[in-house]
2 protein chains.
Amino acid sequence: MIEGGGDMKFGVLGTGMVGRAIASKLVSRGHHVMMGARARGNIPATEWAAAAGNNARAGSFSEAASFGDILFNCVHGAHTLEALEAAGHDALRGKILIDIANPMDYSQGDPPLLLYCNDDSLGERIQRAFPEVRVVKTLNTVGFPSMVDGTRIPGEHDMFVCGNDVAAKAEVSLLLREEFRWSNVIDLGNISSARATEMLMPLFLRLWKTLGTFDFNIQVVVKPKA
Amino acid sequence: MIEGGGDMKFGVLGTGMVGRAIASKLVSRGHHVMMGARARGNIPATEWAAAAGNNARAGSFSEAASFGDILFNCVHGAHTLEALEAAGHDALRGKILIDIANPMDYSQGDPPLLLYCNDDSLGERIQRAFPEVRVVKTLNTVGFPSMVDGTRIPGEHDMFVCGNDVAAKAEVSLLLREEFRWSNVIDLGNISSARATEMLMPLFLRLWKTLGTFDFNIQVVVKPKA
């Protein structure tokens, strides 16, 4: 599917740093990308598309969702469900939605909390609200420059995928490897395992402060079986 | 303090597999250990002490807390505060309490949830309820055989310490290195960072299921500064 590159259409929902990093990387790999925003004419999306070349365009959430064969949710976690409602069930139906957001809650100060966790997650909320979408949770456990280049941090370290649709996870794992150079991908299970990766955020934020950089990731080190 | 070994007194609160693993390791290192239970005459504690030799004894929570210069909380998270109340503020005062429990909630089935997280943690609850105790959260992120031997899992991987008392964290980090062979210890910050390590539990449990073993740990891999 991705071999040879350049023949896929992606919709990237969200116009922030994360969305622009994902969209630019996909364009640089020869793919066609539409960045979706709340409304057509959104300035960051329009400017991004103008700068990113012929394969880049900007539109509404709904237009980007319709355009892409595979979609990325790069909207802030707190606004994700609203953005997906704006995209519309018809535009989303049957598509793979790669959810890379975390449900951060900045209302209580620093460090931020999670809007929900423990018995729920953003990934699960999306899948419940949009049962016709093939949700795959991934990339939410690293800083955005690492999302699009798994080799930015040298050595062995791991990316997680979570989702109910096994074929969708396989397709996303291939995309992670081929486009974003993530060679170690661990399938954590169904979409409820999104809780486990979203609940890594407090550790991520503490380590960011402690290490003075967000250019880190975790590796799962396993004792070999005797 | 620990160099040469065998000259310290520890109180281990809790008689389960975790408590016995910690207590046995400390005795094997030549230290004096009292295992504390709800009441004197507790069978697992008495049997452990009988088997573990001259440096091992059993008592109540209060007796074990009074006995030890350094204490380990190995009581289930849901019962920890109650056990510490039973130990008593006087017996705990001024001591280092190494909290290795997680506030697991098995009431909703499998996988278990956390009794509290996000804006609170067991480590913080202990420190709030017992301000006269020097709480250090650590060891709660690995399986119990690894707690007492950081080299059980080969290669580089990390242990976290959290707590308000910098000197207590330094003493515990030394103890982790000298007695339990943990060479990589990351100080995550004050006791509120216990949230970050307790919230690793969902990932730990998912990985346990996925990998088929709990003999694993995580390594924080950092991109070297340019």
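The structure is a predicted model: local features need pLDDT of at least 70, side-chain atom pairs count only at pLDDT 80 or more, and totals for chains, interfaces and linings use all residues. Residues are numbered from 1 along each chain as its sequence is written, while chains are lettered from A and ligands numbered from 1 in the order in which they are written.

Chain A holds ten helices and eleven strands. Helices (H or I, at least four residues) and strands (E, at least two) are DSSP runs, numbered from the N terminus. The C-alpha atoms of chain A fill a box of roughly 55 × 45 × 35 Å along the principal axes. The radius of gyration of chain A is 17 Å, which agrees with the value near 17 Å for a compact globule of 226 residues. This radius is taken over C-alpha atoms, and the globule rule is 2.2 Å times the number of residues to the power 0.38. Of the 226 residues of chain A, 50% are buried. A residue is buried if 20 or more other C-beta atoms lie within 10 Å of its own, exposed if 12 or fewer, and partly exposed in between, with C-beta atoms placed from the backbone. Two residues are in contact if their C-beta atoms, placed from the backbone, lie within 7 Å. Among contacts in chain A between residues at least 6 apart in sequence, 73% join residues at least 24 apart.

Chain A superposes on chain B by a rotation of 180° with 0.0 Å of shift along its axis, at an RMSD of 0.0 Å. The two copies are thus related as by a two-fold rotation axis. Superposition is by least squares on the C-alpha atoms of residues with pLDDT of at least 70 in both copies. Within chain A, A:Gln219 comes closest to the rotation axis, with its C-alpha at 2.5 Å. Both copies use the same surface: 100% of the contact residues of chain A recur in chain B.

Chain A gives 34 residues to the contact, and chain B gives 34 residues. On the side of chain A, the elements with two or more residues each are strand E7 (113–114), strand E10 (185–189), helix H9 (194–198), helix H10 (201–211) and strand E11 (216–222). The largest share, seven residues, comes from E11(A). This side of chain A divides into 19 nonpolar, nine polar and six charged residues. Here Ala, Val, Leu, Ile, Met, Phe, Trp, Tyr, Cys and Pro count as nonpolar, Asp, Glu, Lys and Arg as charged, and the others, Gly among them, as polar.

E11(A) and strand E11 (residues 216–222) of chain B run antiparallel and are joined by seven bridges. Two strands pair if DSSP finds at least two bridges between them. A:Asn217 stands opposite B:Val221 in E11(B). B:Val220 also lies in strand E11 of chain B. B:Val220 has 19 other C-beta atoms within 10 Å and is therefore partly exposed. Leaving aside neighbours within four places in sequence, B:Val220 is in contact with A:Leu207, A:Phe216, A:Ile218, B:Asp158 and B:Ile186. The C-alpha atoms of B:Val220 and B:Leu139, 81 residues apart along the chain, are separated by 16 Å.

Helix H2 (residues 43–52) of chain B has B:Ala45, B:Trp48 and B:Ala49 as its buried residues. They cover an arc of only 95° around the axis, so they sit on the same side of H2(B). The arc is that of the directions from the helix axis to the C-beta atoms. B:Ile43, B:Ala50 and B:Ala51 are exposed on the other side of H2(B). The cover over the buried residues of H2(B) includes helix H1 (17–28), strand E2 (32–37) and strand E3 (56–60) of chain B. B:Gly53 follows H2(B) and has a positive phi, near 100°.

Some backbone features fall in loops. The peptide bond from A:Asp110 to A:Pro111 is cis, with omega near -5°. A:Pro111 lies in the loop between strand E6 (104–105) and E7 of chain A. In chain B, the peptide bond from B:Asp110 to B:Pro111 is cis, with omega near 0°. B:Asn118, a residue other than glycine, has a positive phi near 70°. B:Asn118 lies in the loop between E7 and helix H6 (122–129) of chain B. B:Arg181, in the loop between helix H8 (166–180) and strand E10 (185–189) of chain B, has a positive phi near 55°. B:Arg181 is partly exposed, with 13 other C-beta atoms within 10 Å.
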